[in-house]
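Morning, everyone. Let me put the model up, and then we'll walk through it.

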Amino acid sequence: MKNTNGLFENNIDCYFIISQENRFYFSGMKTSFGGVILTQNQRYYITDFRYQYAASETLPDWELKFVKNSEFYSTIKDILQELKVKTVAFEDKYLTYSQYLELSNILTGFELVPGSDKIEACRMIKTQEEIEFISKAQQITEKALAATLERLKPKMSERDVCAEIIYNMYLNGADGLSFEPIVAMGVNTSKPHHSYTDYRLEKDDLITVDIGCKYKGYCSDMTRTFTLGEPDKKLEEIYNIVKKAQEYALSSIKAGMTGHEADSFAREYITANGYGNQFGHGLGHSVGLYIHENPRLGIGSNTVLKENMVVTIEPGIYVHCLGGVRIEDMVVIKNDGVVNLTHFTKNLKI
């Protein structure tokens, strides 16, 4: 089981967890239906008959309950009564209002308290195993992009490139996508989260590719901007500014600073070069079972970075009707700096 430090502070007796990612985080068991109950000494996994054999193999030290969907909440109540707990923490950032009403109506007699912040705090610090899974996902991502670039040529569409990347990710061992790939060409690179189209590549176009896959449930994330030919001189200048801003951030960020302070390294450099208004998003975000986790690296982010957090460093400049540049690496925060998990080339011309 993963880190549970701090979960049972403030008189919390028990956690009731239903989100798929948090169930997987604490148990290592992936199911489409189920719930987890955690106390300081006991662990319950509740799911249905489809997972009987898998759960018995995966969770030999857990209490297992196999129920019909209609029996789910009554089973939860029975377990909580058996445990004689009083305070039950739930995922307040995951449940809808109607789900919360259903939960509170069924779990009468228990004090329900928000638990999402404490769960998020546990997940911020990655174990060595989690870092290895994220690193493996990143290796698969880089292999997929390298294989795609071998086939890249003028007149390929954004859609074509997206399909090649996805194919190569699965071919190299991915068990899912972190998110739908972002593939932008030409003027479309000015849109930070462009959705791929049938636009076809011209030789001198900039291409921005923002991609990631999952391995053992954990995400990778990487962005590269490049060209097959000779880029517009203004865009080449912008590329060099973004690259230097990222290099400065990568060499400066370490544990103990806030997300705001980390963001400022790249932002101040980009602003000093006249493009502050064209860097409209934060410097980065944490990565784990979700592609966007806390902490965030951006203006106003007061979360203190700690050793073994995994975050992205992704400055960008986007100029309307011209184009844009983003370069993104994924790093592990350390007390004396960062360990970069991303090794793909940052050459503008390929």
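Aromatic pairs to start. The whole structure holds 11 of them. A pair here means rings of Phe, Tyr or Trp (its six-membered ring) with centres within 6.5 Å; planes under 30 degrees apart are stacked, over 60 edge-to-face, the rest tilted. This is a predicted model: local features need pLDDT of at least 70, side-chain atom pairs count only at pLDDT 80 or more, and totals for chains, interfaces and linings use all residues. Numbering runs from 1 along each chain as its sequence is written, and side-chain values use heavy atoms, with hydrogens and water left out.

Look at Phe16 and Phe72. They form a tilted pair, 6.2 Å centre to centre, with 40 degrees between the planes. Phe16 sits in strand β1 (residues 14-17) and Phe72 in helix α3 (residues 72-83), 56 residues apart. Helices (H or I, at least four residues) and strands (E, at least two) are DSSP runs, numbered from the N terminus. Phe16 counts as buried because its relative accessibility is 3%. Phe72, at 6%, counts as buried too. Buried means under 20% relative accessible area, exposed over 50%, partly exposed in between (1.4 Å probe, protein chains only).

Next pair: Phe133 and Tyr218. Their ring centres lie 5.9 Å apart and their planes at 40 degrees, so this pair is tilted. It links helix α6 (residues 128-151) to strand β11 (residues 218-219), 85 residues apart.

Three strands form an open sheet, in the order β8-β9-β12, with antiparallel pairing. Two strands pair if DSSP finds at least two bridges between them. The edges are β8 (182-185) and β12 (222-227), each pairing on one side only. Twist averages 10 degrees from one strand to the next. β9 (residues 206-211) meets β12 over six antiparallel bridges. In that pairing, Val209 stands opposite Arg224 of β12.

Last stop, the hairpin. β16 and β17 form it, with three residues between them. Cys321 in the turn has a positive phi of about 70 degrees. Four bridges join β16 to β17 (residues 323-326), and the two run antiparallel. Gly316 stands opposite Arg326. Which way do the residues of β16 point? Gly316 and Tyr318 go one way, Ile317 and Val319 the other, and all are buried. In a regular strand, side chains alternate between the two faces of the sheet.

Notes
Axes are lines fitted to C-alpha atoms, for helices over the stretch in contact, and angles run from 0 to 180 degrees between N-to-C directions.
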